[in-house]
Amino acid sequence: IVNINSSDEVIRVYRYSNGMEYQYYYGMSTEFCNKYGNHTAIANFSEGDVVSISGTDDNGKLTKVQKSDAVWVYDEVSKFSFADEGKVLSIGDSNYEIAKNTFIFSGKDIVEYDAISDNDTLSVVGVDKKVLSVVVTTGHGTLKLSNTKLFEGSYLQLGDDIFTEITKNMEIEVPEGKYKLTVANN
């Protein structure tokens, strides 16, 4: 799945066999199933999922969309690295190929591998040793400080885990979330 537009009830998919993207309409009559064939909601589908599509009805709407059982899915991947200019993804002791047609999502956006940070958590979908999609499930952001002259040389605390000295024009990459930020001087 490349995109789901729930307000227009449109799903865009990429077909790996021919490298083409297709757009389909779905509706109340569309059956959505998990990889075991059990009924589920469209809300359980997202960009990066690998699916099988079974036909359309008389109104041109999909009859069935099912998550594929022919792929592996690694959720909550936090220990990973990219190598060979983003062509290899290492998870644990295993290396996986990132091809030109591998989709990398951050939210609904398609991004390059270098937009992913060590602070991110991923969901990775693949077959054999090839990665089909990577989804950033927990991302990162940047905290930028300005007007820090009074506090330079003192410390800030961000949440319970980040303690660092304040410098001029400071930027810190942090995992997404809400934090209490405390700064003090003397």
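These are my notebook entries on a predicted model, taken one topic at a time.

**Ground rules**

I number residues from 1 along each chain as its sequence is written, and side-chain values use heavy atoms, with hydrogens and water left out. As the model is predicted, local features need pLDDT of at least 70 and side-chain atom pairs count only at pLDDT 80 or more, while totals for chains, interfaces and linings use all residues.

**Confidence**

I looked up pLDDT, the predictor's confidence in each residue, from 0 to 100. The chain has a mean of 90, and 100% of its residues reach 70 or more.

**Sheet S1-S2-S3**

I then went to an open sheet of three strands, ordered S1-S2-S3 with antiparallel pairing. Two strands count as paired if DSSP finds at least two bridges between them. S1 (3–5) and S3 (20–25) are at the edges with a single partner strand each, so one side of each has no neighbour in the sheet. On average, neighbouring strands here are turned by 20° against each other, direction ignored. For such angles, the axes are lines fitted to C-alpha atoms (for helices, over the stretch in contact), and the angles run from 0 to 180 degrees between N-to-C directions.

I checked the pairings next.

Glutamate 9 has a phi of about 55° although it is not a glycine. Glutamate 9 is in the loop between S1 and S2. Is glutamate 9 buried or partly exposed? Glutamate 9 is partly exposed, at 29% relative accessible area. My cut-offs are under 20% for buried, over 50% for exposed and partly exposed in between, with a 1.4 Å probe and protein chains only.

Aspartate 84 is another non-glycine case, with a positive phi near 50°. I found aspartate 84 in the loop between S8 (80–83) and S9.

**Sheet S4-S6-S5**

Another open sheet has three strands in the order S4-S6-S5, and its pairing is mixed. S4 and S5 stand at the edges, each with a single partner strand, so one side of each lacks a neighbour in the sheet. The twist averages 10° from one strand to the next. S5 and S6 run antiparallel and are joined by five bridges. Isoleucine 53 has valine 65 in S6 as its bridge partner.

**Aspartate 49**

I placed aspartate 49 in the loop between S4 (31–33) and S5 (51–56). Aspartate 49 is buried, with a relative accessible area of 16%. What lies 2.8 Å from a polar atom of the aspartate 49 side chain? I found the backbone nitrogen of serine 46 there. Not counting residues up to four places away in sequence, aspartate 49 touches Ile1, Asn44 and Lys67, where contact means heavy atoms within 4.5 Å.

**Nonpolar cores**

A core here is a set of buried Ala, Val, Leu, Ile, Met, Phe, Trp, Tyr and Cys residues joined through side-chain atoms within 4.5 Å. The largest has 14 residues, and Leu89, Ile116, Leu122, Val124, Val131 and Val134 have the most contacts inside it. S7 (72–77), S9 (88–91), S10 (94–106), S12 (121–127) and S13 (130–138) each supply at least two residues of this core. Apart from this core lies another, of 11 residues, among them Tyr26, Phe32, Phe45 and Val51. I also listed contacts of valine 134 beyond four places in sequence, including Leu89, Phe103, Ile116 and Val124.

**Tyrosine 179**

My last stop was tyrosine 179, in the loop between S17 (171–175) and S18 (181–184). Tyrosine 179 is partly exposed, at 33% relative accessible area. Its C-alpha atom is separated by 8.5 Å from that of aspartate 160, 19 residues apart along the chain. Leaving aside neighbours within four places in sequence, tyrosine 179 is in contact with Leu158, Gly159 and Val174.

Methods: Helices (H or I, at least four residues) and strands (E, at least two) are DSSP runs, numbered from the N terminus. A polar contact is a pair of N or O atoms within 3.5 Å; within protein, one must be able to donate a hydrogen and the other to accept it, and residues adjacent in sequence count only if both atoms are side-chain atoms.
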